[in-house]
Amino acid sequence: MRQLDLLKKPSGRIAMLMASGFTLDLETPCADGMPISDVARSLAYQPRWAGATREFYSVAEHSVMVSRLVPPAFALDGLCHDLDELSTPR
């Protein structure tokens, strides 16, 4: 795993500094070593259905709901089914 030097603040154009301090290099993206808390936080702030609901409804909330609706053997699959909706801030 290659981490950028945190003493040299990365440009927002080439890297994202995640909440945990993990640096995601956007030129050669690799999430190896990214804490799951960064993924969970991003999904918790990502609105489901582009924010079209009356009340805020996050991708994380939806994923937890799905994980509880499927048989226990598929709970992890239900929890992770929308990870592709993880997006970078614009």
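Ile36, Val39, Ala40, Leu43, Ala60, Ser63, Val64, Leu76, Leu79, Cys80 and Leu83 line the second largest pocket. A pocket here is an open set of points on a 1 Å grid where a 1.4 Å probe fits, with protein on both sides within 12 Å along at least five of seven lines, and lining residues have an atom within 4 Å of a point. This is a predicted model, where local features need pLDDT of at least 70 and side-chain atom pairs 80 or more, while totals for chains, interfaces and linings use all residues. Residues are numbered from 1 along each chain, and side-chain values use heavy atoms, leaving out hydrogens and water.

So what is the pocket like? Its space comes to about 200 Å³, counted as the space filled by probe spheres set on the points. Helices H1 (36-45), H2 (59-69) and H3 (75-80) each give at least two lining residues, and H1 has the largest share, with four. Helices are DSSP runs (H or I, at least four residues) numbered from the N terminus.

Valine 64, one of the lining residues, sits in H2. Its relative accessible area is 30%, so it counts as partly exposed (buried is under 20%, exposed over 50%, partly exposed in between, with a 1.4 Å probe and protein chains only).

| Residue | Phi | Relative accessible area |
|---|---|---|
| Tryptophan 49 | near 55 degrees | 51%, exposed |
| Alanine 50 | about 55 degrees | 78%, exposed |
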